[in-house]
Amino acid sequence: AALSGKVVQNVFIAQFYQQNRQFGTQYQRDSCVPYMRALPPFHGGKLAWTSNSSMQMRNLLKYQNAASSATAIPSLDKVDFLKLQNGSDIRGVAVSGVEGEPVSLTEPVTEAIAAGFAAWLLDKKKVDASRKLRVSIGHDSRISAQKLQDAVSRGIASAGLDVVQYGLASTPAMFNSTLTEDEAILCPADGAIMITASHLPYNRNGFKFFTNDGGLGKNDIKDILERAASIYSNFLAKGYSVKASESVKKVDYMAIYTSALVKAVRKAAGNIEKPLEGFHIVVDAGNGAGGFFAAKVLEPLGAITSGSQFLEPDGMFPNHIPNPEDKAAMKAITQAVLDNKANLGIIFDTDVDRSAAVDSTGHELNRNRLIALMSAIVLEEHPGTTIVTDSVTSDGLTSFIEKKLGGKHHRFKRGYKNVIDEAIRLNSIGEESHLAIETSGHGALKENHWLDDGAYLMVKLLNKLASARASGKGVGSKVLTDLVEGLEEPAIAVELRLKINQNHPDLKGRSFRKYGEAVLQHLGNSIASNPKLQKAPVNYEGVRVSGFGGWFLLRLSLHDPVLPLNIEAPSHEDAVKLGLEVAAAVKEFQALDTSALDKFVQP
């Protein structure tokens, strides 16, 4: 109760320091501590709406003329809002300076998107005029975060909804804010917006949206963008202006979120106060939003975190890409583990919805290994359950899950939302599934409301460490490494990207998607007559084929004019044989750039 009372009065202190950009590692150690001090006031503008009835009118289309004190923006560019959709997210360019990448997430565009979300939320919740809806807003460490947070706040507030800013936060925390029930900290939020572009370069940014039903899907995002386009068209027709805003409420929700993670580990260890005492665990946050994990989760549990690195938020990402799939990032956390003789290393992506680990010997626990590890933990708790993964997981993983662990492997499509939604669907038809996880490091558990939470995944690993020691069954990361013993891993694993030239005459007026589908259809037909190869009997994406002791998958990218080709084989020679089969089948498609494949198969 005392914590809740303080949290309302304090914003995550990182928001203040991000504006000044003059801070060091010590800031990160203290960043989650509630500070009883005055913070910079919110200076964002507010756009006033006109409507046929109340401020919570569902079809929000018109702004009032600005007051004479408003700062007017004389002209606005036309925007194709649907091009900002990236599956179940919105992404664009928020910072100028990169050649060939004009800014698409301007403040007016952002404001229109936020207002579109407000209109969508009002339709979704269908509340009466006596209750104002509440939206929480958080952001990662990107340099455009503050500007976009202010614009989002204006769009939400101008629709008559309450705005609660969390400042620097994680994507999972934003979803959790729609579930927490504590009016003292203004929870639950009716909707939540995370300002992030995951691991993309510094000039990008975007938005993820949540209600208590989870993350919004593709159709919802399309709906929001269509509403935003209508709102923005009124800007173009009648003018856009900004005036001084009313204050917004600020909450340090990360203190609540991290407290729940700590409690989960203590509970798993039999309510021991410091179940990780003596464990040396290093964290690499990649200068994203995950630096809190060292000081606010691990240290209260008794862990030693010296040697942790890149904890301070820095939206230029000066050390490495915050991405558990990136080789340089994994090399950095591996080196930190070895240099500090740590028991375990943990690495997060920018907004902490993805993660990976490294054991004490420098053995990486990411991609297929992380899926195998999480499957082992979940199948101990739920024997026989179905593990849903994306399409590029290995045949060795299938064998591990089904033959060693006694579970069922359901290989589905790429895209974390696709994987999560498929697990939910399976449960709805009576097939029990408790884990949906991608090779990218997105992992969601049924017990955690199907939220892909990188911090929660790592808590599951910590639970295993703590409970094993408490029961005398083992100490150190060997407990985890032993769980993946027997996982067959290929000697060669590559991904090659075959780009479609959208300007090539061979497209004959077709979209890149139609052209890519034609490539896949032709490949599938070619394989059917080849006795050396066998198509996967069950496959939900692209063309997956086994042969020469390995396999390949050619699929169409979710968003880009690219056909990614994944090949795994027991030797380079066998991988080349698989590559040659693909090359022979697709050679007649002149708009397909096969240079990466050609280089790979060269003797």
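**A residue and its surroundings**

Reply: I346 is buried, with a relative accessible area of 0%. Buried means under 20% relative accessible area, exposed means over 50%, and partly exposed is in between, with a 1.4 Å probe and protein chains only. Before going on, note that this is a predicted model, where local features need pLDDT of at least 70, side-chain atom pairs count only at pLDDT 80 or more, and totals for chains, interfaces and linings use all residues. Residues are numbered from 1 along each chain as its sequence is written, and side-chain values use heavy atoms, with hydrogens and water left out.

So where are we? I346 sits in strand β15, which covers residues 344–348. (Strands are DSSP runs of E with at least two residues, helices are runs of H or I with at least four, and both are numbered from the N terminus.) Leaving aside residues up to four places away in sequence, I346 touches I281, V282, V283, D284, F293, I333, A356 and M458. Touching, or contact, means heavy atoms within 4.5 Å. Take V283 from that list: 63 residues separate V283 from I346 in sequence, yet their C-alpha atoms are 4.8 Å apart in space.

The C-alpha atoms of S306 and V282 are separated by 6.6 Å, and the two are 24 residues apart along the chain. S306 belongs to the loop between α9 (292–298) and α10 (327–339). While I346 is buried, S306 is partly exposed, at a relative accessible area of 42%. Not counting residues up to four places away in sequence, S306 touches H280, V282 and N340.

Helix α11 (residues 367–381) and helix α14 (residues 454–470) have axes 11 Å apart and pack at an angle of about 60°. (Axes are lines fitted to C-alpha atoms, for helices over the stretch in contact, and angles run from 0 to 180 degrees between N-to-C directions.) That angle makes α11 oblique to α14. Here, angles under 35 degrees count as roughly parallel, over 145 as roughly antiparallel, 65 to 115 as roughly perpendicular, and the rest as oblique. The crossing of α11 with α14 is left-handed: the near helix is turned anticlockwise from the far one by less than a right angle, and clockwise would be right-handed. (Ala, Val, Leu, Ile, Met, Phe, Trp, Tyr, Cys and Pro count as nonpolar, Asp, Glu, Lys and Arg as charged, and the others, Gly among them, as polar.)

V519, H522, L523 and S526 of α16 make the contact with V582, A585 and V586 of α17. Its residues divide into five nonpolar, two polar and no charged.

The structure holds 13 aromatic pairs, where rings of Phe, Tyr and Trp (its six-membered ring) pair if their centres lie within 6.5 Å, and planes under 30 degrees apart count as stacked, over 60 as edge-to-face and the rest as tilted. The rings of Y515 and F589 are edge-to-face, because their planes stand at 85°, with centres 5.8 Å apart. Y515 is in α16 and F589 in the loop between α17 and β28 (592–593), so the pair ties together parts 74 residues apart in sequence. Both residues are buried.

Finally, zoom out. The chain has 18 helices and 28 strands, and of its 603 residues 57% count as buried.
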